[in-house]
Structures are given as structure tokens and as C-alpha cells.
Amino acid sequence: MLTAQSSLGIIFFPAFDWAISPTHPEREERLLYTQDQFREEGIFDIEGIREYRPLVAEEKDIMRAHFCFPSVQSVCTDSHFISAGGVIRAAQLVMQKERQRAFAVVRPPGHHAMRTVHGSRGFCNINIEAVMIEWIREHYGNLRVAVVDTDCHHGDGTQDIYWHDPDVLFISLHQDGRTLYPGTGFPSESGGPKALGRTINVPMPPRTSDEGYLMTVERIVMPILDHFKPDLIINSAGQDNHFSDPITNMNFTAQGYAKLTQMLKPDIAVLEGGYAIKGALPYVNLGISLALAGVDFSAVQEPDLDREKIREQKSTIDYLSALCDQLPDIYFNPRPSEAVRENGYFVRRRSIYYDTDDITETQVERLKDCPHCPGLLIVESETAKTPKSLGLHVPVQGCDMCSQEAEERFVKSRQAGFAHAQISDRVTKRYEYAK
Amino acid sequence: MLIGIDVGGTHTDGVCIRDGRVEAMAKVPTDHDNLLATITEALRAILKDCKSAEIRTINLSTTLSTNAIVTGHTEKVGMFVIPGPGIDANAYALGNQYHILSGCVDHRGAISAKVRVDQIRPMAARCREEGIRVYGVVGKFCTRNPEQETAIAEALAPQSDFVTQGHRVSESLNFGRRISTVYYNSAVWRTFNAFADALEQSLKDLNIQADINIVKADGGTMPLKLAREIPVQSIFSGPAASVMGILSTSPVTEDALILDIGGTTTDMAVLLDGVPLLERDGISIGEHPTLVRALKVESIGIGGDSFISSRDGQLRVGPDRHGPCMAAGGPAPALMDAMNVLGHAAFGDRERSAKGIKEVAMIQGLSARECAEQAVSLAMDILKKRVSAFLTAINARPVYTIQEILEDRVVRPASILVIGGPAVAMVPLLEETFGLPVVAPRHAEVANAIGACLTRPTQSLVLTVDTSRGSFTVPGLGIHKTVKRTYTLEEAVHDATTLLRAELDRQGIPAEDGDIQVIQADAFNMVEGHYTIGRNIRVRCQMRPGVITTLAS
């Protein structure tokens, strides 16, 4: 009888009745073979590994992390509420100490969903990690959290949500944005003016395999984590770095993912992308689960693996080695902010494209340069479909003054010409739309 | 005329039922060293009241295989497994001739590494030297493609009396469980077949020409001929017989809780819309989980003989039993004695009950009545807590579709059905404790035998189709063929139910239209690049567990 060294809760929710469209990669079939593999391997017969069903997230859970325009219901299907509820369940298991670790193997994924949501970007509507982290901070106080995003795509949504948050460290390892969607995630993106060095981006060259990937984790991620000393480590465990993934160009393996997990020791792992649903997901999910539980994973291997064929070239290793030398400096010695200041606010003017839903959003983001807290966040947002909308977010570390200003702006939002307005005050726990 | 026999731990019960009426009953002590003699004795007792020529069917629930396993009287098995990559197959090793072969079948049923039949030669030689005559062959994902298993089984045939192949014991996925299921199947094969031979001879001697069925743990029966191939399916069928006994004496169509209150323990089970709930994967044999389908039954350490004591100044009830209750001549006060003192029951020697309870009461500084009251209420509390935890666990079981999550079908018993010795006396107490109507069916004393008698055969079938590969697989029936790319889910549902019906016909099992139940019917588009290359279709259907008829009221 096999026994887990760390008790593990797996929330397996394949959403067998939901798809973006019949031939879309994010479809019903996606976790089918993972379920087959889990069942055939008898993973839930291992002493200490248990399966749990997801909760259903509530609107306020979503509103803690997002501005949804015109409403939460308009951008979330039932499957999004359940997927978000699945990661909340994972957090609950760990926070209530029912399990030492948890793995939310749920879909749809979420790490491209930014603070403001008008629809789907990169198959994501709701940032399920952010929803979970904010649920944790609502119920257990302001913990220091590290999110390590190992999806092959840059976790631009998570980066956006935590851009101004000094208590959430966001590290994304991904295929170089010059070669892959969403085209962002460069070392220069290192956090907002109040959270400098709290965002670390590691762009990796195409065809990086186990050696290069694990070296990067060891030399960049681990020292930063050791220094940051988070209360919780979250792994956005996207599985599309796999050598067989159809929409990316990396050469990572199931063994690599398992070793990464063993090194990182995340408290909670959350499945993100990964669309080699027959050749990669069953093996990678198995490897990660066993590694999380501290069960021997050395015999987990893809049937068609040819190590020599996917090994990285020396030039790739050399390039990564140079990155490993330079990147930690972004965290340890952040450069001064180049943010634009206008009347006591830091301002970003942006246009955001929602590729899955073909929406273009125009956005002005203002962060109050508050002397007492990370500052009130004010977002003005507009699309061809949704007229001018206002989002007000008082951070969990927020002060009374910011809270008060948010309230005043919220009350006057109609007069100020906004069609929709949402307030998310983490201090007063007020999550509402203007009527 | 139907006969049902339930071989229990203490007694073996038999009933004869004709047209929904009990015509004869028998109760004889079980001789575990000679089950056949016990069964024959029960049959003889029944035959006093009914004619052997009129017996059409005999359903038997026996502890034979279970005992063989529990007492370690099993045969040595040579195991050959084909794991491929994954969890280390050594974790599932059983017996000292456990051999891991190369070769690999992936989750689609594609062979990604060929098993080398010549590889087994030295291993097979070692098994021969040890005198091993029964074998088990198990491949990972063999239910998707049994080719490699069959090749190894054929290679072992010359030196074996019997080989169990993984894909024949269950259609479900779970490699580790399949290994233990196959192992135990081969380990009890000879014992079971020797018993079956003797049983058939004995029936001939009694002039009985009837179909013989064996009760399974899932609350169904299987023909003896099939049981000879898969004897492991007959393990732990006792609790199933009692659940089916309740179903056949008091028909239920709603959610209900079943409590079988015995001397030492109370077994609980649940009916969902009147249909008993099954374990998701299968029952465990000791530390080894298997794929043997079983009703979901859990035991609570509370029964009529639960020992009442005062330890560390605290009154306790159960979970241990120190022989029968004092009213029945036992050495120590038990729950039934407390019931006697309170007037809930009038069982055996009530004066002995009073004496026993008084002794405990003195230590506690209570009157006998107070002490009995506290003991009974303690027992009810334990029952209530355990039932509630049982239901919570059932209601928390994982589901995999949005619809299921949103519907959230919660099991909420509307009534409680009780059987077992102390059950009748406890009815008012249980009603008060649970706030639900409690029913004790008639013939509770031989409910297990009635259950065995009236229980229907069950059979399930899984059909998987991959239209991109054109593969059509029904592992349970050994069907592996090709289909055209346009094959649909509707065709699959039709084929699966037709195949199951044909198989039931072949086994001479009558099935009406409503008896065959489709429990899963899914079709997943399989996409490669941006094109749909086919559909992955999975259909699972079963003969609904149930009873042939209910007793006439």
C-alpha cells in the first residue's frame, strides 16, 4: 500500500459538459485522459491522497479580484463559478489544515484574466488563482503569497492583478514573448511603483528542456522565494511547456514537471493551460500529483519519450545561464520606477485585446500615491459594447483615507458619467455595483 | 419455487418462496469447516415442507471465498504484470512469484511497447519449480486492449490449471485494484470449484434440478457457471443479502437508510430512490482494495451485545462485545440488557439483565434505570453521529459535470428500514433519535436468506469507441472490433444495451425493458490541430440491482 508523505487533496473537475467551442482546445475532452490515467493508476487509493468536489464561487468571491463589466454574470458561465470554486476548495483544505497540500485540476483556466474583465482572453475569463488568494486573505488576513506561474504563456493576467501589490510576489517562467502569445513578460516588467521587484519575468527560449528549465527554477526562483519568505506558495501549473504541446514550442517532460514541483513545494497547485491532452496532461498531472504528495514518481514517463531528441542545445543553456545571473537582481535591487505621475496618481493608459472574444478595451488606470498604503486603484474602462465604466479597488492593505475616497467616487459615479461602476473595498469588505 | 440460502457467521438461514410467499424456513448452525454439510442440512430442512422437483432456482450467499482469504487458506498464485511507465508496480506486489514484464499499453489502448513473451520463460520456470498451478496476468489499460494479457496467458497455459486475465475480472480502470482482484480470484479458484462440484453432486443426491446462482457483494447474483470463472465476485456478499432482504420485504422508492443491527455491529447502507448505492470502485480485502463491485456498507460498533462498562468514571457502550448479553446467558451487561431494564424489550432472562446493569450503575452512582437510560442514549448518539458522517461522505462524493454540481442531488433518507435481532425492540428509540419513520419488515430473522432468494442477477457492461482509430471495445465480453468513423453515441447506447440483453439471454436471465439502465453515455470530440478527428464514446450500462419480486403482504 502506497502512502503519501504529505497529505494531498485533489479537486478534479473536468467540466465534462462545457467547452468554448466544439473544436476549441479548451473543450470537454481536455481532462478526459487525465481522469483515465488517475483512475488506472489508482491515485486515490494512495493513503493520504483524497479527491474533493469543488465549491461554487459566489459573485463577491469574483469581485474581490476583478472588475467585471457590465456585471459578473455577463462574463462568467457556470463553469467559471465552479472552476473558481474548485481552487477556493483547494485553499480551504490547506488553510483549515485538512490537507497539507492541494492540487486543483479544474477547467477553464484563468491566468490571462486581468483585473478588469469584459470577456475571455487566452481562454480565460476569471483569474482563478487571484480569486483564491483574495478569498484566503479575506478569511485569514493579509498573508504574504508567492505565485510561481509555470505555464508556457506569460501569466499577464495575474501580473496585472498583483502589479501594485507588495505582498504578492509574482514570478512567471514562460516561453519568450517574442515567440508566443500574449507577447509580454519581459524582465523590464517588474512591478508597479509601489511594488517594485515584486514581479519577476523569466522569458525562456523555445525548445528549453528539463535541464534548462530546472536550472532556471533553482537559480532564479528558489533564492527569491527563500528571501521573500511567503506564507503560501501557489503554483500556476500550466502544462503546455510539454514537448508534445500543439500550441507552444518547449521541450519539458512529465519528469521535469514532477522535479520542479518537488523543488518548489507549493502549498497549492492550480492547473492552468496545457493542450496536449492525450500525450502530456495524463502524465504531467500524475507526476505533479505524486510529487506534491511526496510519493515516488521516478517511473512516470510518457510512452513516446525520446530524451535525446528533445535535449536543448548548448547555446540555449548558455543563454539561460546568463539570465540566471542577471534576473535575481530585479528582485534584490529593483530599479527606480519610471511610472507616469499626474496629480498625486500614477497613471497607465492602455488598450487591451481579448483574443478569444475579439473585444478591444480602452483603459485608464490610476493608482493613488498614498503615503499610508499601496493606494486606491481607479480604473476607467470602455469597449465598443460596454460604455464608460468605473472600477474602484481598495487593497487589502488599504487605509481609511483610500477607503473613504473610493466611497465618495462610487456614490458620484453616475453624475460623473459612468454607465457602470463597481467598488471592491477590501478594508470594509464591500463588493457592489452602483444601481 | 425459489430457494435462498445465506451462510452467516453463526447461523445458516434458508427460505423457500413460491408466488411471493414464504413456504418454508430453516435455521441451522454454520459449520465453517464443512459448509457443504451446513447447506445440505438447511436444504433438507426446507425440503420437509416443499417438493424438490418444483425447485427452479437456488440462490446461495456463501462465505466460502471470504473465509478462504481471511484465514489464509488460499492457493499460491504466479502473477505476471505489464505495467509500462507510471506508479511503480512493485507497490502492488502480491505473493512471492510476482513478475514485472516489459510492454506498455497507453490510455487509448495503443501498444507503445511490445511485451516479449519469451521474457517470461525463466519466471515461469521458477513458478513451475514451486509447484504453482494457477496464474494471474494483468496489464495496465488492458481493458482498452487485452492483446498483451492474452498472449502471456496463452504462454502460461501449458503449465496452468487456471489463468485469470485482468480484463475479464472488471471493466473498470484501476491497475492496482485489478492486480489484487486477479490475484484473489486465482487464489480461491480451486477451493470454489471444488465446492461447486460438491454442491452440484449434493443437489443431484437431493433430486434437485435447479439453476444455481451465487450472490455477489453488489446485491446481485451470478450463475454458478460464471462464478466458477470469477469466484472472487462472491466475497463479502453477506451485507448485500441483508440489504436485498429488506428490499424484498418492504419495497421502497424513495431515499432510505438501512440498518442491520446485529449482536456486535450495525451495518448501514443507503437507498437512492429505492436503489441501493454502490461503492465507487470496489470492496477491499484486508489492506488490498479490489475492483469487486459492492454495495456501500459501513459498520458501526454498536449492537445488541455491545458491552456496557464504566471506565475512568465514564459510562461506555461498545464497540467490543464480551459474549452475548446477560439476558442470553452472557458474562457481562450489554445494550440488550439495558433495553430489557427499560422495558423496550422482553428478551431472555430479564432478571439477569437487571443484575448486570445494577452492577455498572453502582460504580456510576446511578440507579439501574438511570444507568440503562444513559447507556441506551449513548448508543443512539453513536449511531446518529456515524450515520450522519456516512451521509455527509456520500453527499460529498466527487462529480464531474456542471449539471451535477448545480443539481446537487443530496441523499436525504425519508425513512429507516431495520433488521436484525435487536431491531424490533429499537424501533421507537430509532424513531425518536432520527425523527424519521422506522420500519422493521416481517421475517426479519431470515431476511438475509429472503434477500438471497429474491435478488436478481446483475451484470454490467462498458463499451468504449474511438472513432478516429475505428476501435470498438467491450472488454467484459471480449469484443474488440472496428467501426466506421461516423459511428454515433446513439448507436453506442443501442449496441451496449443490445449486447447486455443478449448476454443476459445467453445466461438465461430474464430482463424487462426497465431493468437495463444506462449509467453513463458520453461522447467527446477528439481534436488534433484544429480538426475534429473523431469521437471518444463511453457507454456503461447495467442490469439494475433489485429484487425479482417482493413478498406478498
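Where in chain B does Phe141(B) lie? In this predicted model, Phe141(B) belongs to the loop that runs between β9 (134-139) and α4 (147-156) of chain B.

## Backbone features of chain B

Phe141(B) has a positive phi, near 55 degrees, although the residue is not glycine. Phe141(B) is also buried, at a relative accessible area of 1%.

Asp273(B) likewise is a residue other than glycine with a positive phi, here near 50 degrees. The loop between β14 (266-272) and β15 (275-276) of chain B holds Asp273(B). Its relative accessibility is 49%, so Asp273(B) counts as partly exposed, the threshold for exposed being over 50%.

## Cis peptide bonds of chain A

Most residues other than glycine have a negative phi, and most peptide bonds are trans. In chain A, the bond from Phe69(A) to Pro70(A) is cis, with omega near 0 degrees. Pro70(A) sits in the loop between β3 (67-68) and α3 (72-75).

Tyr181(A) and Pro182(A) are also joined by a cis peptide bond, with omega about -5 degrees. Pro182(A) is placed in the loop between β7 (168-175) and β8 (199-204) of chain A.

## Interface of chains A and B

Contacts link 43 residues of chain A with 47 residues of chain B. The two chains bury about 4,000 Å² between them, of which 56% is on carbon and sulfur atoms. On the chain A side, Glu40(A), Arg53(A) and Lys278(A) lose the most area to chain B, together 21% of what that side buries.

Between the chains there are 7 salt bridges; in a salt bridge, the side chains of Arg280(B) and Glu51(A) meet at 3.1 Å, N to O. Polar contacts across the interface number 22 residue pairs. The largest contribution to the side of chain A that touches chain B comes from α1(A), with 8 residues. That side comprises 23 nonpolar, 6 polar and 14 charged residues.

How values were computed. Residues are numbered from 1 along each chain as its sequence is written. Chains are lettered from A and ligands numbered from 1 in the order in which they are written. This is a predicted model: local features need pLDDT of at least 70, side-chain atom pairs count only at pLDDT 80 or more; totals for chains, interfaces and linings use all residues. Side-chain values use heavy atoms; hydrogens and water are left out. Contact means heavy atoms within 4.5 Å. Buried area is the accessible area (1.4 Å probe) that two parts lose on being put together, summed over both. A salt bridge is a side-chain nitrogen of Lys or Arg within 4 Å of a carboxyl oxygen of Asp or Glu. A polar contact is a pair of N or O atoms within 3.5 Å; within protein, one must be able to donate a hydrogen and the other to accept it, and residues adjacent in sequence count only if both atoms are side-chain atoms. Helices (H or I, at least four residues) and strands (E, at least two) are DSSP runs, numbered from the N terminus. Ala, Val, Leu, Ile, Met, Phe, Trp, Tyr, Cys and Pro count as nonpolar, Asp, Glu, Lys and Arg as charged, and the others, Gly among them, as polar. Buried means under 20% relative accessible area, exposed over 50%, partly exposed in between (1.4 Å probe, protein chains only).
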